[in-house]
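Hello,

Here is the structure I said I would pass on. Have a look at it first, and my notes follow below.

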Amino acid sequence: MGMMLLEGPYMYKKILIPTDGSKTAAAAIYHGVGLAKGLGAKVYGLYVIDISAFAGIPTEAIWESMRGLLEEEGKRALATVEKTAKEQGIQYELLIREGIPSEDIAKVAEDEGTDLIVVGTAGRTGLNRFLLGSVAEKVIKIAPCPVMVVRK
């Protein structure tokens, strides 16, 4: 066990950074990317389209048009991850998922074998509320790896 502690930081080779495009999420992105640069790690930017927000929508047609808008929002949110990672010269991958944010963050961490999740504490309010305290709290409870919470 003692030897493991000496290797501490080197276990972070894959860092997952969920984002919703908010300023708080941006703080988490800068933190996560900075950490990745220092450790030679790869970052995974993740945007989750929150389907629970649309549970009551009656028709497929409305959902299809909403999905398109939300994907665009996701791409804009992930552009910050891309830009920051490129500036720092680190490896990155961008992912968009549909589901329940906290569950999908944990699932992607498991699927990609990420060693750390870097998450903001509060996102914006509105249609696609995301990194609110409750999401960060849920992620902490169900994540398969350590979670670093970044306050704005």
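Strand E1 (residues 14-18) and strand E4 (residues 116-120) are paired in the parallel sense, over two bridges; Ile15 has Leu116 as its bridge partner in E4. Strands here are DSSP runs of E with at least two residues, helices are runs of H or I with at least four, and both are numbered from the N terminus. Two strands count as paired if DSSP finds at least two bridges between them.

Before going further, a word on the source: this is a predicted model, in which local features need pLDDT of at least 70 and side-chain atom pairs count only at pLDDT 80 or more, while totals for chains, interfaces and linings use all residues. Residues are numbered from 1 along each chain as its sequence is written, and side-chain values use heavy atoms, with hydrogens and water left out.

E4 also runs parallel to E5, joined by four bridges, and Gly120 has Val150 as its bridge partner in E5. Five of the five residues of E4 are buried, so the strand is largely enclosed by the rest of the structure. Buried means under 20% relative accessible area, exposed means over 50%, and partly exposed is in between (1.4 Å probe, protein chains only). Leu116, Val118 and Gly120 cover one side of that picture, with Ile117 and Val119 on the other, and all are buried.

The open sheet has five strands in the order E3-E2-E1-E4-E5, with parallel pairing. Its edge strands, each pairing on one side only, are E3 (92-99) and E5 (147-150). From one strand to the next, the twist averages 25°. Helix H4 (residues 101-112) lies across E1, E2 (42-50), E3 and E4, at about 135° to E3. Angles run from 0 to 180 degrees between N-to-C directions, and axes are lines fitted to C-alpha atoms, for helices over the stretch in contact.

Now the helix pair. H2 (residues 23-39) and H3 (residues 60-88) pack at an angle of about 30°, with axes 10 Å apart, and are therefore roughly parallel to each other (under 35 degrees; over 145 is roughly antiparallel, 65 to 115 roughly perpendicular, and the rest oblique). Ile29, Tyr30, Val33 and Lys37 in H2 meet Thr80, Val81, Thr84, Ala85 and Gln88 in H3, where contact means heavy atoms within 4.5 Å.

Finally, Ser52 lies in the loop between E2 and H3 and counts as partly exposed at 45% relative accessibility.

Best wishes
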